[in-house]
Amino acid sequence: MIQALGLTSNSHKDLPPVVDDVSFEARAGCVTALLGAAGAGKTTSLRLMLELQQGRGITYFRGRPLHRIAHPSREVGVLLGDVPGHPARTVRGHLRMLCAAAGVPVRRADEVLEVVGLVSLRDERLGTLSRGMDRRLGLACALLSDPHTLLLDDPADGLSARESQWLYGTLRAHAAQGGTVLFTTADPKEAARAADRVVTLDAGRLVADQEAAEFARTRLRPRVAVRSPHAARLAALLAKEARTAQRSVEVVREGGNRLSVYGSTCADVGETAFRHGVLVHQLADEIGDMGPGAVSAPSDESHVSGGTEPDGVERESGLPQVSGPAGAHTSGGDGEERPQTTARSAEALKAIDPLSPLPPPISVRPAPSPLRPLRYELRRAAGVGTGFLTGATVLVTSALTAVVLARVGHTPQPRLLAAWPRELPLPPAALGAGLLGALAFGDEFRHPALAADRGTVPRRLGLLAAKLLVAAATALLLAFLTVGCDAEVLYLVYGRELTEVPADWLSMGASWIGLVVGCAWAGVLAAGIFRSTTAGLAAVVAVPVLVVPLVHKALEGASVRAAAGFPARLREVFLLQWPFGGERYLLAVVRVLVQPVGGALTLSLTALLCAYLLTTLRSRVR
């Protein structure tokens, strides 16, 4: 059950709030429609309920607000707008990644694909899906964690009649199993047909809360839809015959060649057109909308009435009458007034905080981390071909660069194996590792896969640790493959003399691994802080271009030479005996750190990590 109490959005400048003191209930086992024209506040109400937008009010999902639920995605399934995700990811891969984020078994992805009828399209890319298939995938994402409550924003938008019928049948089946369903729509006929209860919004305020049958009786009425190239002539003939027969018929001239005839039948309209030789292109029974937006909003509409109302009864107005404050009372069409949810919500709000006359503020809280961050990150990285394409480009570029450098000559062997010309600030492998690291967070903000239910991508330590681990493993693999490919190509082209192992291979290898992994981590941290892949790659390039000269000047002098005996002095201080020549490994690490590039990279990583932690703590304080 959903209980929305006092939902009010923050007003901007002198404009009134988009949603003003909206309170209603959506019961379990029922489908509830939130009805309103464009701009009525339907989507804003959903965002306030999900704590995605600041305002006032509180919403209970089975007695608990969303921020008190440990795993919101397991309680509430959400569809807001189009399905988020990378357009190059497959349907099945996207759902498997969300399974890791929600902490549900991976087999659940195949189960929901069968439910929504997308098994045959599971290998299709998200960017190639039609509107109808995108809506089906959105419903699959909402059902993935088997939630009790479904919140869907205009789920039938752009669907055909057959697809809409299937969608609402699925929602009704979920409600029949005891779940709660709330969806928004701008079509009164759709609300009356698909929902058990209809909550109507107008200009951000609640104007009616009715059962579907009562709503249909007070808001909708049958009509005959007619299309004819001689619509004006046919309208005059229908009105004339109605006056002659003293029948209550209303003819509404809508835009173009369309007429809506109330109080008549298809047979009567067809006979009139046949007798007078009027060509008719369409003649069909419809359920009409009595709301003001349906018959009085277009400026080119005209009304032609024939006859009089029987017994002198005045026609009902579009919306049920509202007396007192908006949403306080409504007329159910039979003259009986009944109290609305606002009265109950006022008592509930007083129970929450008896000292405050206003509903509690709504704070936008950060999304929880994926429940299985490492598994989520592996599926995210392997689900798109960008990483594989980047790695292949790096290997080809490094091999060609190594061949050219060997051809030119005057290049030291370590730089030759790394394909690192002196003119470039970083070798291709380091740039590629930095780009892959930047994509780890940059793609999350550009194509937010976790934005379906809790807003922006979480910058939590669990997700950061998973991204750093996967980025380090990817960078190590790229570093080894790059050196191996360069050595193999040099051997094939120039022979064995250019592929001999350097004498100080240990320190060289440590420096190479530290450089590539450090660039990958710098890309991850910078992209997470600035929410951009470009910013992450820029931070990687800034290390040798800007930071290295500063560190080089700071390390000039005796400080560099003083670090040469660091392992021996460390052993003397702590009285430790280093087994198996352990001081050599420590010395290799120290040599990496005291190099200008190593020191600059370490300094940059420290600063980026501190900035990331500060940003994370700041978001938690909010």
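The structure is a predicted model, in which local features need pLDDT of at least 70 and side-chain atom pairs count only at pLDDT 80 or more, whereas totals for chains, interfaces and linings use all residues. Residues are numbered from 1 along each chain as its sequence is written, and side-chain values use heavy atoms, with hydrogens and water left out.

Two strands are said to pair if DSSP finds at least two bridges between them.

Another open sheet has six strands in the order β5-β6-β7-β3-β8-β9, with mixed pairing. Because β5 and β9 (205-211) stand at the edges with a single partner strand each, one side of each is left without a neighbour in the sheet. Neighbouring strands of this sheet are turned by 15° against each other on average, direction ignored. Strand β6 (residues 149-152) and strand β7 (residues 180-185) run parallel and are joined by four bridges, and L150 stands opposite V181 in β7. Helix α1 packs on this sheet too, touching β3 (31-35), β6, β7 and β8 (197-202), and its direction makes about 145° with that of β7. Helix α8, in turn, lies across β3, β8 and β9, running at about 115° to β9.

In helix α8 (residues 212-219), the residues A212, E214, F215, T218 and R219 are buried; buried means under 20% relative accessible area, exposed means over 50%, and partly exposed lies in between (1.4 Å probe, protein chains only). Seen down the axis of α8, these buried residues fall within an arc of 160°, so they line one face of the helix; the arc is that of the directions from the helix axis to the C-beta atoms.

A nonpolar core is a set of buried Ala, Val, Leu, Ile, Met, Phe, Trp, Tyr and Cys residues joined through side-chain atoms within 4.5 Å. The largest such core has 86 residues, and those with the most contacts inside it are L95, L137, L171, F183, Y376, F441 and L515. Helix α19 (residues 505-530) gives the most to this core, with 12 residues. A second, separate core of 25 residues includes I2, A4, L50 and I69.

Several individual residues can also be described. T184 lies in strand β7 and is buried, with a relative accessible area of 0%. The side chain of T184 makes a polar contact with the side chain of D153 at 2.6 Å and reaches the backbone nitrogen of D154 at 2.7 Å. A polar contact is a pair of N or O atoms within 3.5 Å; within protein, one must be able to donate a hydrogen and the other to accept it, and residues adjacent in sequence count only if both atoms are side-chain atoms. H86, which is placed in the loop between β5 (76-79) and α3 (91-102), counts as buried at 11% relative accessibility. The side chain of H86 reaches the backbone nitrogen of A88 at 3.0 Å, and, when neighbours within four places in sequence are left aside, H86 is in contact with L126, V384, D443 and H447.

Most residues other than glycine have a negative phi. Phi of R62, however, is near 55°, a positive value, and R62 is found in the loop between β4 and α2 (72-75), where R62 counts as partly exposed at 47% relative accessibility. Phi of H410 is likewise positive, near 60°; H410 is placed in the loop between α14 (386-408) and α15 (413-418) and is exposed, with a relative accessible area of 81%.

Terms used: Helix = DSSP H or I, 4+ residues; strand = E, 2+ residues; numbered from the N terminus. Contact = heavy atoms within 4.5 Å. Axes fitted to C-alpha atoms, helices over the stretch in contact; angles between N-to-C directions.
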